[in-house]
Each structure stands twice: as structure tokens, then as C-alpha cells.
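Please study the structure shown below. The paragraphs that follow lead through a few of its features in turn.

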Amino acid sequence: MRPQRRVMVFAPSPQLTVTIEELDGIPELHLHAGGQGVWQARMVVSLGVPAVLCAALGGETGDLLKHLIPNEGIELVTQEAHSRNGGYVHDRRDDRRDPVVEAPGEPLSRHELDGLYEKALVEGLRSTTVTLSGPSSGQPVPADMYRRLATDLRANGCLLVVDLSGELLSAAVEGKPQFIKVSHEELLEDGLAESEEPAALVAGMRELSRRADDASVVVSRAADPALALLEGELFEVEAPPLHPMDSRGAGDSMTAAVAAALTEGASQLDAVRLGAAAGALNVTRRGLATGGGDSVRAVAERVELRRMRSEESG
């Protein structure tokens, strides 16, 4: 089986998103597919790299997602499920994101889990790069599925990018991914860093890298420069300052751009530079993980990667 030049995004349970906006005093409803994996696949496609999304879909929300996801140019491979996908309704009429309703997705049955695993494994083996993303809400699949999937894909030569937290991250790290992206909040919540200080975050990054046999690690820090441990070298990653419209989806844009760039054969330095640009541009838009590929590449020219001295990293 010869891998195709594409990114397979594992997204076990996407969600339906409904936002209420207003134009000239008239309310508008916007329906989209959402969730971490969908946002990542959307950005990969916008950068000109094919993406296939592997997900379980069920219920009325799942039926809508079956139509919405392919409309964005994403190839969709589904496991049919009796359990429904989650969703939310957010009111954006005052330039805020006010939750109206948030409905979690439902767990998958044993047979549905087996089917989803098989599809994700086969599509991963057919792809140059695989990105493991988390469920939109709750935990419809067990953490051990991430460990098994990461282990099997790596054993068969896949380039594996992980964007997870908590027990899902711990499980996936056992499979030895080559690239890990986390936020500084996730490092703190998972007990991998004692504070937000760079030295503490770097210590957590080194521990994650060690667990995954010297994987590269990038930690996003909201408005502060990201930190990157790439092939043993530490960098501070500074994107150009841009006025934020909506910060959600910035981390997913970063992960997606890294995966897309690595699929194209870019170095890890250039992949992180593109990732930082995608994340920075994302916050200027209302749509999550949106932005044209040419625009992202233009912003990438202004991203600076500065090697950190030992005293800066502790």
C-alpha cells in the first residue's frame, strides 16, 4: 500500500455548530461542521494539501455533518453510529460568543469502536501524515484506542502528529509520535509543568519528548510566543502581532499547518513557522481554522524562530 500525499485526521466525534449573527439588524443562522479534527482538516485543505477525515457519525446531527464536511473539500470516511454527535448553538450578535445550548456527543458501542478503528487504521496507512485529534466533547472512544492507533501507525512508517491532552495525550504518547502539540494550559492541567514560567514549560516539554523517544514538541501560549523543542533544540516562536477577533481554533490551525507542511516535505523549522502563521491569522477571522493558503504563507515570512539560551529555558 503506497501512501498518498495527504493528511488523515482522526476525529472520532465531530459536532454540529450553529452560530447566530446579525447583518443590518436581521438575525442570521450559520450551520457548520466543527470540532478540533474538522477545524484541522479545514486548514490543511486551505493550504492545498488533501485531507481525509475519519469519524463516527450518527443521529440527526450526524446526518447533517455527512453533508457539511464534504462541502468544505474534505474527504470523509465515516463509521455509521446509532449514538448521536454533539453540537452547540452560540450567539455572536454582540461580537461575543455566548453559549445558548451545548449538547455532548454519545459514546460509541463496541462494534462501532471496532469499525472506527479499522477505518482509521486503513486510511492512516494510505496517508503520508496522520493527525490524532480529540473528540469535541465527552469521551466517545476509550483512551486506549489512541495508544493502539498511534502504535500501529508508527510501526508501519506513518508520520504521526498528536494534538491532545489528559489521558488521551498520555495514551497516544505511548505510540511514540514524531510531533506533539499542546497548549501551556494543558501542560499545567496534566501536571507536566509547575507554572507558566518558560523554564517550567520547557521541563514539561522535555518530559513529553522523552516519553515519545525524542519527539518534537510545540507549546502554544495564547498571546505569548510559542515554545518549540525541535530535534533537541529549543526555540521561541514569535508571530507578528495581529488584532484578535476570535482566538478559538488558533491552536488547531497551528497543528494543521504543521502537518500540511511536513506532508509537503518541509523541515520542522519551516513547518512550525507556517503553523505559527496559521494560528496568528486564524484569530483575525470569525470562522474557526479558516484563512487562505497564500495569506498564511505571506504571514509565515514574518514569523521569527529564535534559539533559546540555556539560562532562558532553565
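The structure holds one aromatic pair; rings of Phe, Tyr and Trp (its six-membered ring) count as a pair if their centres lie within 6.5 Å. The model is a predicted one, in which local features need pLDDT of at least 70 and side-chain atom pairs count only at pLDDT 80 or more, while totals for chains, interfaces and linings use all residues. Residues are numbered from 1 along each chain as its sequence is written, and side-chain values use heavy atoms, with hydrogens and water left out.

A pair of aromatic rings is described by the distance of the centres and the angle of the planes. Here the partners are Phe10 and Tyr146, with 5.5 Å from centre to centre and 75 degrees between the planes, an edge-to-face arrangement (planes under 30 degrees apart count as stacked, over 60 as edge-to-face and the rest as tilted). Because Phe10 belongs to strand S1 (residues 4–10) and Tyr146 to helix H4 (residues 143–155), the pair ties together parts that are 136 residues apart in sequence. Helices (H or I, at least four residues) and strands (E, at least two) are DSSP runs, numbered from the N terminus. Both Phe10 and Tyr146 are buried, where buried means under 20% relative accessible area, exposed over 50%, and partly exposed in between (1.4 Å probe, protein chains only).

Attention now turns to two helices. Helix H9 (residues 268–282) and helix H10 (residues 293–300) pack at an angle of about 115 degrees, and their axes are 8 Å apart. H9 is therefore roughly perpendicular to H10; angles under 35 degrees count as roughly parallel, over 145 as roughly antiparallel, 65 to 115 as roughly perpendicular and the rest as oblique. To the contact (heavy atoms within 4.5 Å), H9 contributes Arg273, Leu274, Ala277, Ala278 and Leu281, and H10 contributes Ser295, Val296, Arg297, Val299 and Ala300.

Most residues other than glycine have a negative phi. Asp24, however, has a positive phi, near 55 degrees. Asp24 is located in the loop between strand S2 (15–23) and strand S3 (26–34), and its relative accessibility of 74% is why Asp24 counts as exposed. Lys176 also has a positive phi, near 65 degrees. Lys176 lies in the loop between helix H5 (166–173) and strand S10 (179–183); its relative accessible area is 29%, so Lys176 is partly exposed.

Technical notes:
Axes fitted to C-alpha atoms, helices over the stretch in contact; angles between N-to-C directions.
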